[in-house]
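My notes are below, in the order in which I went through them.

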Amino acid sequence: MFHVDNLIGTLLAIFGNVLVSISLSVQKYSHVTLAGTKDPRAFYRTKTWWCGFVLTCLGEGANFVSYAFAPLALVAPLNAVSVLTSSILGLIFLREKSKPKDFAKRYGLSFLGCIITIGGTYLFVAFGPNSHEKLKAENIVKHIVGWPVLLYLLLEIITFCLLLYFYKQRRANYLVIILLLVSLLGSVTVITVKAVSGMLVLTIEGAMQLDYPIFSVMFVCMVASVVFQAKFLSQACKLHDSCLIASVNYILSTVFAVVAGAVFYLEFKNEDILHICMFLLGSAFCFLGVFLITKNRKRTKTFEPYVTMDMANGVPTIHDKGLVDFNGSFSYGALVNNDGVAPATIPVNMEQPPVSSRSTDASHDLPDLKKD
């Protein structure tokens with residue numbers, strides 16, 4: 001029988017991820033609209049952007065509270081709902097007109113990924129761990145001092161230091177190394193978030209937990225891990241493709257979060273082999289679905305316009321991506337416009353005084369110099 005608290009936590013996590021996806025779409029719409037109308041206002045002065053910001057706060061708040069009710073193994077894989085919702089919103093609000101055959105060819109993988117993700121979500125929610133524990137301060141301390149948790153934290157610290165050494169000293173800017181650093185920090189984040197959220201919920205219910213030192217320790221570790229996690233993610237986005245980052249980061253973060261929940265909170269202690277295997281199968285389906293969804297997204301192109309000089313008219317012209325036509329023109333610089341806009345002529349004043357007039361003026365000045 002599915003525990004009532006687990007059901008509440010699962011529904012809160014789904015609701016939170018859906019809200020976050022909607023908020024990101026609303027904020028993106030705000031930025032695009034502002035850029036299209038050439039509005040001089042800043043983005044934070046528009047109502048649409050603030051609406052998206054409020055939805056983001058509500059969604060993240062629901063995700064935060066969900067950790068207090070449901071196990072980590074149920075909440076962490078539900079981040080796939082955010083990717084799924086973003087993909088559906090992208091298809092609904094798609095503005096370009098295409099034939100059914102072209103549409104199926106372009107978005108067939110995304111549609112297949114959505115179906116696989118929905119099936120995987122059902123499997124790991126239905127067969128996920130059904131354990132529930134009141135996260136009192138005493139219980140959290142007991143979990144920390146246990147030898148499995150201490151061994152897990154020791155291995156995690158050693159692995160993190162080795163990866164950080166290769167990343168900083170050896171300049172190993174590989175995507176897997178950076179996202180492994182993010183995932184190791186993410187496992188600490190989910191452990192501390194669940195502890196802080198659980199103690200806050202118990203405090204609201206009437207059992208004060210905030211005066212225990214473990215609450216302050218968990219809160220500080222939560223904030224620090226989130227800050228450094230965001231820092232490494234920002235560096236990964238600068239070096240690698242965002243779609244690949246989204247899929248690989250989801251897979252690694254989910255794996256480490258599930259392992260952290262199994263080791264720290266003993267979430268699979270009373271589960272049988274069948275439920276564990278079905279849970280792993282559902283998680284694997286979600287991994288595959290998210291990979292297919294993000295794989296089919298349109299890659300972002302770098303803005304690199306190039307300029308050509310028309311030798312006949314003497315007017316420089318900005319061109320989009322494409323081959324440079326060398327018939328009567330030459331190119332210079334490294335400017336290419338990838339937005340598909342037709343070439344635009346730059347109005348410049350190319351008029352120059354004729355050379356003959358300069359030589360004539362000079363010849364008139366020579367007799368004057370001789371007279372002096």
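The entries that follow go from the whole chain to single residues.

**Entry 1, the whole protein.** I keep in mind throughout that this is a predicted model. I counted 12 helices and four strands in the protein, and I noted that buried residues make up 37% of its 372 residues. The accessible surface comes to about 22,100 Å², and carbon and sulfur atoms account for 68% of that area. When I looked up contacts between residues at least 6 apart in sequence, I found that 76% of them join residues at least 24 apart.

**Entry 2, helix H7 and its partner.** I turned next to H7, which covers residues 147-168, and to H10, which covers residues 242-264. How are two packed helices described? I use the angle between their axes and the distance between the axes. For H7 and H10 the angle is about 150 degrees and the axes are 9 Å apart. Because angles over 145 degrees count as roughly antiparallel, I wrote H7 down as roughly antiparallel to H10. On the H7 side I listed Pro148, Val149 and Tyr152, which meet Phe256, Val259, Ala260, Val263 and Phe264 of H10.

Which residues make the nonpolar surface patch of about 840 Å²? I found Trp147, Leu151, Leu154, Leu155, Ile158, Leu162, Tyr165 and Phe166.

I looked for residues other than glycine with a positive phi, and I noted Arg171, at about 55 degrees, and Leu266, near 50 degrees. Arg171 sits in the loop between H7 and H8, the latter being helix 175-205, while Leu266 sits in the loop that runs between H10 and H11, the latter being helix 273-295. Arg171 is exposed, with a relative accessible area of 64%, whereas Leu266, at 39% relative accessibility, counts as partly exposed.

Is Gln27 buried or exposed? Gln27, which I located in helix H1 (residues 4-37), has a relative accessibility of 15% and therefore counts as buried, the limit being under 20%. Leaving aside residues up to four places away in sequence, I recorded that Gln27 touches Trp49, Gly52, Phe53 and Thr56.

Methods
Residues numbered from 1 in each chain as written. Predicted model: local features only at pLDDT ≥ 70, side-chain atom pairs only at ≥ 80, totals over all residues. Heavy atoms only, no water. Patch = residues over 30% accessible without salt bridge, like charges linked within 9 Å, V, L, I, M, F, W, Y side chains within 5 Å. Areas by Shrake-Rupley, 256 points an atom, 1.4 Å probe, with all protein chains shown as cover. Salt bridge = Lys/Arg side-chain N within 4 Å of Asp/Glu carboxyl O. Axes fitted to C-alpha atoms, helices over the stretch in contact; angles between N-to-C directions. Parallel < 35°, antiparallel > 145°, perpendicular 65-115°, else oblique. Contact = heavy atoms within 4.5 Å. Buried < 20%, exposed > 50% of the residue type's maximum accessible area, 1.4 Å probe, protein only.
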